[in-house]
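The sequence and structure are shown first.

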Amino acid sequence: ASFTISLHKVDNTTVMIKLRPGVPPSCRIRIKNVIRSELKIKPGENVTFTFTCSTPEKYFITEIQKNIDCVSGPCPFGDVHLYPAGLPRLNRTYIWDVKASTKAGLELKFSTPWLRQIEPGEMCPDSISYNINSCIDKATVNIGTFCRNGSVSRIKLLGGVVMSLHLPWHSPLTTSGFNIANRASIKRLCVIESILKRESSITLMSPNYPLGFPEDELMTWQFVIPSNMRASVFFHNYSLSNCERKEERVEYYIPGSPSNPEVFRLSDSQPANIAGSFNMSLQGCDQDAQNPGILRLLFQVVVQHPQVDENVTHLVDLSKERNMTVTIHLEGWPSHIPPMSEPICLICKDPRSCDRVLTLASGAVYRISFLCKDLSRLRITAEKVISCGDIRWCQRRISSLSVPKAITQLPIRLHRFIWKLLASDLINIEIISPSLKLQQHVPEQRCNKSYSYSIVSATPETELNVGVFCPGGFIEKIQMRNNVTISLKTFGKGFFNESNHQDLKMSFVPHIKDECTFTVSPDPKAKVYLQTPNWPYGLPPYVSISWYVIVPGKQIARLGFSKDRMGIACETGRAYVNIKEETPGAEEIVRREDELLPEPRNMYHDFWVNVSNCKPGDKMQLTLQFWVAFADKQIDLGIILAVVAGAGVLTAIGLTVCCVKKKKKKTQNPMVGVYNANVNTQMPGKKGLFTKGRQNNESHVYAVIDDAVVYGHLLKESNGSVAPEVDVYRPFDGPTGSLPPSPPPFSFKKHIKRSSNTEEEPPPLMDTDQDTYTFAHQKSGQSEDNGDVNEKDKGDTSVPLLENKEQDGLVE
């Protein structure tokens, strides 16, 4: 197809058709028999041409420039038309260069749907955009780039203007969308009018954004808002220049304000909840010639209806808190912020100081209100720092890790509360939950509460994610060596009710050996699952973790591991699992990373489980999980038979005494020795420790009985009812130690019970501070004897002490 463009000389318009940048010249322009790569048509010319390809829009663009002189001649007020007609369907840029005096200025008025300012580099949805530049003498200031469908209705400019309209080749637009309204002296760089008729949000930028507002200039935005609406201003991005004279500032003219203009620094919280229309001006300063800096501003204006509860204030008393901040924000902040074009929830410290995010500091009392239709979209995030620099001053101080009522009483859901526990070297941190205790969140034992704690222990070099915990478990205490961060996170609305029962506390303690130590006090009827920190990514290299499990006195603990091996190969060092009961002389069970972990086994006393990592190789990680279950102790059949036999013996003794007393009343014969073939008649030697099996013989029955001397006191004290005492070993239930088993050195030679069916015997009595009254079982290899005295014990004159005869079940 051929195209004919005819330009009138009086229109002062030039048309240029040229190749698009970066496109190969695969298409040409043909004028008669001449082939060209571009075409320029000047005022007064008439040109007919064709393209050598069927899709010229892929290769060519068109620029149409019209010069308008409003200085030496009359200014053509009214609508600006798209001229000339009949242009080929190419991407087009219309440029209107209007010359005007700085004393008069120009006013550009835009037809509906008006304009919306966009940031540099942003594209308009329909690819139609306007660019406006102000020309003062020889300087050019970029007022901004705009799309259609906005709120900007007019722009007044000081001096001339260069207006550009960019249209895509397929655009059906036939009008420019603006007119030159009149000339007016404004005595400032520009005035931008924005009309907002309904709830909305707009974004505007200072001229030359982001390169910098001109030095010592002044500009104004006029916002036309219905009187029944409320407007709030928020600065989202700004920077300041280096001023030599004056001060950069923002001035507001608010109808009805007692102090117009209201002056604010750019760093201040800007006015909010403004009723009706207002003006806002940006004033620059005289800049330092050597280092001018950049003054720029991007801000948002939010318009919405007055909220029903905007006059309802909520008291937030943080006067007694220390080192704490409370932030109220929209859900998803800061990773997700809704588009600025949407109406938003506002939080106000006072009727005119509102923001999308409000941070309150401890040590003060606040009265806040909300400009928000749906408070369920708001969240609270709080942070508190507790530190210790000298253990002498803070060792006995116990701090509560509970959410203050000033926060829980707000009509907003708590999203997260973070405690940062900071301590200097050689000071460690202890977390306790005396009544609720903590449950570790593991796949077999998931938390289902309304909140949970995420605990992280960290140094500048390493970070140990201790795990996720919730209330209602069996972990009484956690000790950690490094600084600790505890994050309470809520789920659903149940936290408001459960927050009254928080009992998590912390204190600073002297240095501990392991990176982390857990004290576990399980419910005797429960099965407890525990796993190593940093799950599932594995323990850091060379880290040692310990668990101290408390076994109830009448229970037996069953300890088992969820897998049969550690599942790692060490590149450097060795990894160990140590298990040791907290009883004197207890044997330590040790497994290395290349060995099978212990089979499930019974633990009769409080015990330690220690996991010590090496430096794993081949990207392998040490993750270990174990479980503890409980069962009641079973009464041994031998004990039952011994009790019955003892009762029978005492009954026989009672009958014998009665017979002897009757006989004495009749005759006063001398005492008679009665031979009993079933009794050992060997003369008793020096007493030693009772040997195993003694309850199965009758060596404690005397052949010669003097009822008045030997048994009279028993009959008198028991009133004829004697409870037999049996020499049965009972485990020690006294106080226990507090240190975990030491991880073995690399040269450690382990001692392992090869069969879980082999009965383990405690060692002989040891004279310790904690376990003074303890009987020892027979040593391995010691021969059994039905007599009172063992040959190996003939020289032993010691008598074992009894803590309580009736409790230990022993008879002399």
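Contact is taken to mean heavy atoms within 4.5 Å. The model is predicted, so to speak of local features requires pLDDT of at least 70, side-chain atom pairs count only at pLDDT 80 or more, and totals for chains, interfaces and linings use all residues. Residues are numbered from 1 along each chain as its sequence is written, and side-chain values use heavy atoms, with hydrogens and water left out.

**Thr 62**

Thr 62 lies in strand S7, residues 60-69. Strands (E, at least two residues) and helices (H or I, at least four) are DSSP runs, numbered from the N terminus. Leaving aside residues up to four places away in sequence, Thr 62 touches Val 15, Met 16 and Ile 17, as well as Leu 90, Asn 91, Arg 92 and Thr 93. Its relative accessibility is 1%, so Thr 62 counts as buried. Buried means under 20% relative accessible area, exposed over 50%, and partly exposed in between, with a 1.4 Å probe and protein chains only.

Ile 412 sits in the loop between helix H2 (405-408) and strand S36 (413-423). Ile 412 is also buried, at 6% relative accessibility. With residues up to four places away in sequence not counted, Ile 412 touches Ile 328, Phe 370, Leu 378, Arg 379 and Ile 380. The C-alpha atoms of Ile 412 and Lys 493 are separated by 9.8 Å, and the two residues are 81 apart along the chain.

S36 runs antiparallel to strand S42 (residues 483-490). S42 also pairs in the antiparallel sense with strand S39, residues 451-458. Two strands pair if DSSP finds at least two bridges between them.

| Strand pair | Bridges | Bridge partners |
|---|---|---|
| S36 and S42 | six bridges | Trp 419 and Ile 486 |
| S39 and S42 | eight bridges | Val 456 and Thr 485 |

**The four-stranded sheet**

An open sheet of four strands has the order S45-S54-S47-S51, with antiparallel pairing. Strands S45 (528-531) and S51 (601-603) each have a single partner strand and stand at the edges, so one side of each is left without a neighbour in the sheet. On average, neighbouring strands of this sheet are turned by 30° against each other, direction ignored. Axes here are lines fitted to C-alpha atoms, for helices over the stretch in contact, and angles run from 0 to 180 degrees between N-to-C directions.
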